[in-house]
Amino acid sequence: MSEKNQTLGEFIIENQSSFKYTSGELSRLINSIRLAAKVVNHEVNKAGLVDIIGAAGDTNIQGEDQQKLDVFANNLFINAMTRRNIVCGIASEEEDDYIAINSQDENHQNKYVVLIDPLDGSSNIDVNVSVGTIFSIYRRVTPIGTPVTIDDFLQKGNQQVAAGYVVYGTSTMIVYTTGAGVNGFTLNPAIGTFYLSHPNMEFPEDGKIYSVNEGNYIHFPQGIKNYIKYCQMEEGDRPYTSRYIGSLVSDFHRNMIKGGIYMYPKSSKNSNGKLRLLYECNPMAFLAEQANGKASDGFNRIMEIQPTELHQRVPFICGSKNMVEKAEEFMRNAQ
Ligand code: P6P
């Protein structure tokens, strides 16, 4: 049940009972993400005004230059969830290993773990292009009352209890699911409140937008090359339009509203693609499927991949169901 202009807080309370685990803990967790998103939004929106952009002089496990805003967002989301005694563990793109929250005292009575990309697309920060936060929430699988282990994080995407993103764009939105559809909330910055602006978001089954970094074309698998040429061919409703922002959250968000497909395939440069399974592909795949879309690695459903490493990468194809299935058909035929 959702009414336009409901606040995010009202929505969480109203829908808590429909959440199969009916736990106030998850509501408090989503509320902590809401608070952190407001603070990150404030900093992102003034990044050009203070000396907070530019490399922090450090690199993360991915070997990417950490932007100061990356570090700021990472610390902020971790603190927001740690201080409220809500989760028992956190994994982040910006942290080499997972963080066990207060495993020495009663806090590890908590039952949720969160995996997060605190500021996705951060290379866009210095050029004033939208960026995002991506989060994925699971119930722990190891016994409550014991410190979390890596097994609590290496769960298949089909075990997620909630997932979502914050997009810091021309407006700031939180879009999330707890397994009962996808809803989008837009921040009114004047009063710092998120309002339900996009109830029951769904991918159109078809679309005319394809999003891929064509600079890597010569390195793509033949099936992807053939699909891109299919998109560009004068036939029927084609050629499609190419739109690539270089920020997964923004490309995904536009494609969900307008219809489209996003691809980050493997290539001779990235043998497993670039995107990380646990805190980018799985949460976006959960949202895609909840919004009548599809997400695969070109052959397999993303949310059925058994993770083996915290920062593992997978090829990622996601968006309008019929477009993803057409791309998968080209991948199969090129084998
Ligand atoms: P490339 C940002 O670093 C990111 O993880 C996604 O948000 C984005 O879609 C992709 O990588 C961009 O990568 O190699 O095209 O610059």
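Reader: Let's start with the ligand: how far is one of its oxygen atoms from an N or O atom in the side chain of E280?

Author: The distance is 3.4 Å. The general idea is the polar contact: a pair of N or O atoms within 3.5 Å, where, within protein, one must be able to donate a hydrogen and the other to accept it, and residues adjacent in sequence count only if both atoms are side-chain atoms. A caution before we go on: this is a predicted model, in which local features need pLDDT of at least 70 and side-chain atom pairs count only at pLDDT 80 or more, while totals for chains, interfaces and linings use all residues. Numbering runs from 1 along each chain as its sequence is written, and side-chain values use heavy atoms, with hydrogens and water left out.

Reader: Which distances do Y264 and K274 have to an oxygen atom of the ligand?

Author: For Y264, a polar side-chain atom sits 2.6 Å from a ligand oxygen. For K274, an N or O atom of the side chain is 3.0 Å from an oxygen atom of the ligand.

Reader: How much of the ligand's accessible area does the protein cover?

Author: Accessible areas come from the Shrake-Rupley method with a 1.4 Å probe, and for residues only the protein chains shown count as cover. On its own the ligand has 400 Å² of accessible area, and the protein covers 82% of that.

Reader: Which residues are around the ligand, and how are they split by class?

Author: A residue counts as near a molecule or strand if one of its heavy atoms lies within 4 Å of it. Around this ligand you will find D120, G121, N213, Y244, G246, S247, L248, Y262, Y264, K274, L275 and E280. As to class, Ala, Val, Leu, Ile, Met, Phe, Trp, Tyr, Cys and Pro count as nonpolar, Asp, Glu, Lys and Arg as charged, and the others, Gly among them, as polar. That gives a shell of five nonpolar, four polar and three charged residues.

Reader: Now the whole chain, please. How many helices and strands are there, and how much of the chain is buried?

Author: Helices (H or I, at least four residues) and strands (E, at least two) are DSSP runs, numbered from the N terminus. This chain has seven helices and 15 strands. Buried means under 20% relative accessible area, exposed over 50%, and partly exposed in between (1.4 Å probe, protein chains only). Here 56% of the 335 residues count as buried. The chain's accessible surface is about 13800 Å², with 46% of it belonging to carbon and sulfur atoms.

Reader: And what share of the contacts comes from residues 24 or more positions apart?

Author: A contact means heavy atoms within 4.5 Å. Taking the contacts with a separation of 6 or more, residues 24 or more positions apart account for 66%.

Reader: Where can I see such packing in a helix, say α4?

Author: Helix α4 spans residues 222-232, and its buried residues are G223, I224, K225, Y227, I228, Y230 and C231. They pack against β11 (209-211), β13 (261-264), β15 (316-320) and α7 (321-333).
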